[in-house]
Amino acid sequence: MMETLVTFLLTGSLIQGVLCGFNINLPKRVEALKGSCVFIPCTFDIDQQYKDDLTDSAKRMWFKDGGSTAVFNSSRPKTRPLKGEIFGTATQKNCTTRIDNVRQSHNGSYYFRLEANGKLQYNYTEPTHSQVQIGVLGSPPKPTLSVFPDQQKVRKEVEVIEGSSVSLRCSTKIFCPSRPPSLTWSSSLIESITGQQYQSQTDIISDLNFTVSHRHHGVTFTCTATHQLQKQITKQESRLLSVQYAPKNTSVRINPAGLVLEGRSVTLSCSSDANPAVNYTWYRDTERPLNPVQTGPNLTINNTDPTHSGRYYCTAENKHGTQNSSVLLDVQYAPKNTSVRINPAGLVLEGRSVTLSCSSDANPAVNYTWYRDTERPLNPVQTGPNLTINNTDPTHSGRYYCTVENKHGTQNSSVLLDVQCEYYE
């Protein structure tokens with residue numbers, strides 16, 4: 001089982017010694033993490049003249065930096081400065097070794113020595129054979145975080161388009177296969193996220209796959225690597241997602257809010273959620289732009305009057321799409337241009353019917369009250385825009401007043417009704 005884990009620790013190409021006789025295959029360098037373990041993948045060969053001397057009782061040893069004292073001995077693996085395990089047997093020509101509880105002092109160059117029966121005693125040293133360099137890291141590196149398929153490893157901000165599929169890949173090196181690190185995902189969104197985790201020969205990898213929406217814009221995704229050493233150590237790497245999307249939630253509001261009174265200034269403000277930022281264009285009642293064309297998020301109308309009333313449209317647009325919103329601008333004002341007319345026009349003859357009609361320009365609509373000659377209302381009180389008198393007689397003659405009123409003011413107008421007698425010969 002442990003032999004199969006050896007392949008996980010290859011961090012460089014195995015360097016082969018001479019092609020015949022004594023040779024050794026091992027990496028130029030392996031990286032170790034302080035407090036963890038490290039594997040040195042290794043195989044060796046001997047000159048054929050010594051093959052009968054090689055037995056499983058042969059000692060497989062490691063020496064450091066050209067020293068003469070073994071730092072690891074297969075016959076006493078727990079008593080030397082390097083404590084661990086050597087795998088396989090000598091007759092299998094296996095020198096793969098696991099070193100436990102790596103310390104900073106283990107940093108250095110190591111060579112392999114074989115001691116067997118008879119004359120088979122050999123140092124696999126430079127320059128004839130390669131040695132392995134163990135580089136000890138004081139703390140684990142940050143995990144590597146990349147975006148597929150774009151392979152954006154360096155940039156902290158990742159640009160994607162809404163609706164596209166994105167895969168965030170987090171990976172970190174396995175220093176000790178028997179105690180691999182773990183990877184977890186988190187984000188600035190409230191919802192929990194889980195990646196798909198698996199192992200390669202040298203790394204543990206977690207892929208986070210999802211379809212991007214506008215909700216992911218400005219969200220930071222963080223991958224945390226947890227290493228189980230003497231104490232738990234975590235390292236993190238993050239990416240900020242920048243999502244491009246068409247305008248959404250476009251709306252228009254009137255400022256100041258509430259009633260818009262004639263003569264005041266008013267600003268229509270348009271807002272939209274989009275990336276990149278939108279361009280705004282204003283329209284009124286129809287699909288034709290205002291004249292002159294009005295752009296920008298705000299449309300200000302100074303000194304409003306009734307002609308400004310109507311529905312105003314704001315169109316928000318970026319390279320991904322457009323969206324419209326509208327608001328009804330209702331400019332209110334007190335009654336003006338109030339007038340009264342007699343219908344039918346012309347002479348009013350005794351016995352005929354006549355209607356007095358009052359009209360006024362106002363917003364909101366006015367209430368009408370009729371008076372005659374004095375400021376007292378008619379009895380019974382007459383309201384509404386029309387006052388009809390049936391079967392007129394001379395007593396109906398006089399001045400009739402129409403008073404119009406809304407919450408912004410009042411205005412009066414009057415007309416003289418002259419009922420004439422009809423004479424017969």
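Let me begin with a definition: helices (H or I, at least four residues) and strands (E, at least two) are DSSP runs, numbered from the N terminus. The structure before us is a predicted model, in which local features need pLDDT of at least 70, side-chain atom pairs count only at pLDDT 80 or more, and totals for chains, interfaces and linings use all residues. Residues are numbered from 1 along each chain as its sequence is written, and side-chain values use heavy atoms, with hydrogens and water left out.

I turn to the backbone. Most residues other than glycine have a negative phi, and most peptide bonds are trans. Pro256 sits in the loop between β20 (232-255) and β21 (260-261). Another cis bond runs from Asn343 to Pro344, with omega near 5 degrees. Pro344 belongs to the loop between β27 (331-343) and β28 (348-349).

Next come positive phi values. Asn101, a residue other than glycine, has phi near 50 degrees. Its place is in the loop between β9 (97-99) and β10 (108-115). For Asn249, phi is near 55 degrees, again positive in a residue other than glycine; Asn249 lies within strand β20.

Asn249 reaches 57%, so it counts as exposed.

Strand β20 also holds Val252. At 13% relative accessibility, Val252 counts as buried. Which residues does Val252 touch? Leaving aside residues up to four places away in sequence, Val252 is in contact (heavy atoms within 4.5 Å) with Leu268, Ser269, Cys270, Trp282, Cys314, Ser325, Ser326 and Val327. Val252 and Thr128 are 124 residues apart in sequence, and their C-alpha atoms are 81 Å apart in space.

Finally, I consider a sheet. Strands of a sheet pair through backbone hydrogen bonds, either parallel or antiparallel. Here three strands form an open, antiparallel sheet in the order β30-β32-β33, where two strands pair if DSSP finds at least two bridges between them. The edges are β30 (367-372) and β33 (409-417); each has a single partner strand, so one side of each lacks a neighbour in the sheet. Six bridges join β30 to the antiparallel strand β32 (residues 398-406). Within this pairing, Arg372 has Tyr400 of β32 as its bridge partner.

Key. Buried means under 20% relative accessible area, exposed over 50%, partly exposed in between (1.4 Å probe, protein chains only).
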